[in-house]
Amino acid sequence: MRLFPFIGVVAASALFLACAPEDQGAPEPKPAWQWTEAEWRAPIEAVRAGRRLAPESWPGGARVAVALSFDFDNETVSLRDGVTSPSNLSRGQYGSRAGLPRVLDLLERRGIPASFFIPAVSALLYRDDVARIVAAGHEIGVHGWIHERNSLLPGDVERRLIEQAVETLTELTGTRPVGLRTPSWDYSPNTLQIVRDLGFLYDSSLMADDWPYEVVANGEPTGVVELPVEWILDDAPYFGFSRYTAIRPHSTPDDVLSIWKAEFDVAHAEGGMFLLTMHPHVIGHRSRMVMLERLIDHMDATGGVWYATHEEVARYALENAAE
């Protein structure tokens, strides 16, 4: 299995692709207003939301499915961009040393199963953490090799990295993952075909609905379940920080709690799904974990909640869709 020697190659390739000058001999692309109908329809139809997978009720008569997920990225976002500053890398290590223990403790105390999407490099760095996540009964999903930017990669490289990630996580956990969340929710023109070829049950990277749905490729139902994500249901936009850019935390935990509670309340009223994306190195800070537990208190007090892994939600929705 090809492991760490490939890390530097991927980081360097991503930087090259991001920074390389345009081919001076290539024709200028047509502006969008000059596209023909066939040209503007093509990217729209390539990956589309198909039938909504909406069960009449959730298991046990629950009113809402709650799917909590944690992207265990740690240092991979820095490594992907070729950033090797010890300060940056230490922020990633926080996810393992401080964030993950708090997350696992909370989930255990409240009896909640969750899904952890892990870049393969992070899994190799933190093998013991992966073992703890599995031992606690949580799901492991694929999250790329080194949190690469799919849309900057040639199709064969993207495929090879996802295949390596599947191989690595299968070896470390003893179970082949059935779900993919692309790094940064990035989708290239090749991603969906790779998902289909590798036999994933579900993807959790697209944003066309609040409910699970079947992904359609150029008008063809694929059988792939989409568990849609959303930036307002992700901790990073609220709490993200970058020293050299304008990205700064702009919301208090109470602000975020009010948004997430409102999203949950409407999902509950609709009988739908409430899916959160979080990161141990982001949500795992003390004040934010207090906020997350208050959200769980609110959901439990509301009642009618089915806490489930992404795999469980995808399988149930696919098998029990009312439409």
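Biologist: Is Trp185 buried or exposed?

Modeller: The model is predicted. A residue counts as buried under 20% relative accessible area. Trp185 has a relative accessible area of 8%, so Trp185 is buried. Trp185 sits in the loop between strand 5 (179–180) and helix 8 (191–197).

Biologist: What is the phi of Trp185?

Modeller: The general idea comes before the case. Most residues other than glycine have a negative phi. Trp185 has a phi near 60°, which is positive, and Trp185 is not a glycine.

Biologist: Which loop holds His147, and what is its phi?

Modeller: His147 belongs to the loop between strand 4 (139–142) and helix 7 (155–173). The phi of His147 is positive, about 60°, although His147 is not a glycine. With a relative accessible area of 4%, His147 is buried.

Biologist: How should I read Phe241, and where is it found?

Modeller: Phe241 lies in the loop between helix 9 (236–239) and helix 10. Partly exposed is the class between the buried and exposed cut-offs, 20% and 50%. Phe241 has a relative accessible area of 38%, so Phe241 is partly exposed.

Biologist: Which residues is Phe241 in contact with, leaving aside its neighbours within four places in sequence?

Modeller: Those contacts of Phe241 are with Arg91, Ile247, Arg248 and Pro249. A separation can also be read in two ways, along the sequence and through space. Phe241 and Val282 are 41 residues apart in sequence, and their C-alpha atoms are 9.6 Å apart in space.

Biologist: Now helix packing. At what angle do helix 10 and helix 12 pack?

Modeller: Helix 10 (residues 253–270) packs with helix 12 (residues 286–302) at an angle of about 25°, and their axes are 10 Å apart. Angles under 35 degrees count as roughly parallel. Helix 10 and helix 12 are therefore roughly parallel to each other. Their crossing is right-handed.

Biologist: Which residues make the contact of helix 10 with helix 12?

Modeller: From helix 10 come Pro253, Asp254, Val256, Leu257, Trp260, Lys261, Phe264, Asp265 and His268. Helix 12 supplies Ser287, Arg288, Met291, Arg294, Leu295, His298, Met299 and Thr302. By class, the residues of this contact divide into 8 nonpolar, 4 polar and 5 charged.

Biologist: How far apart are the axes of helix 4 and helix 6?

Modeller: The axes of helix 4 (residues 86–110) and helix 6 (residues 127–135) are 12 Å apart, and the packing angle is about 5°. By the cut-off used above, helix 4 and helix 6 are therefore roughly parallel to each other. Ser96, Leu100 and Leu104 of helix 4 meet Asp129, Arg132 and Ile133 of helix 6. The residues of the contact between helix 4 and helix 6 comprise 3 nonpolar, 1 polar and 2 charged.

Biologist: How many helices and strands does the chain have?

Modeller: The chain has 13 helices and 10 strands. Its radius of gyration is 20 Å, close to the 20 Å given by the globule rule for 323 residues, so the chain is as compact as a globular protein of that length. Along the principal axes, the C-alpha atoms fill a box of roughly 65 × 50 × 40 Å.

Biologist: What percentage of the residues count as buried?

Modeller: Of the 323 residues of the chain, 49% count as buried. Contacts can be sorted by sequence separation as well. Among contacts between residues at least 6 apart in sequence, 74% join residues at least 24 apart.

Notes:
Residues are numbered from 1 along each chain as its sequence is written. This is a predicted model: local features need pLDDT of at least 70, side-chain atom pairs count only at pLDDT 80 or more; totals for chains, interfaces and linings use all residues. Side-chain values use heavy atoms; hydrogens and water are left out. Axes are lines fitted to C-alpha atoms, for helices over the stretch in contact, and angles run from 0 to 180 degrees between N-to-C directions. Helices (H or I, at least four residues) and strands (E, at least two) are DSSP runs, numbered from the N terminus. Angles under 35 degrees count as roughly parallel, over 145 as roughly antiparallel, 65 to 115 as roughly perpendicular and the rest as oblique. A crossing is left-handed if the near helix is turned anticlockwise from the far one by less than a right angle, and right-handed if clockwise. Contact means heavy atoms within 4.5 Å. Ala, Val, Leu, Ile, Met, Phe, Trp, Tyr, Cys and Pro count as nonpolar, Asp, Glu, Lys and Arg as charged, and the others, Gly among them, as polar. The radius of gyration is taken over C-alpha atoms; the globule rule is 2.2 Å times the number of residues to the power 0.38. Buried means under 20% relative accessible area, exposed over 50%, partly exposed in between (1.4 Å probe, protein chains only).
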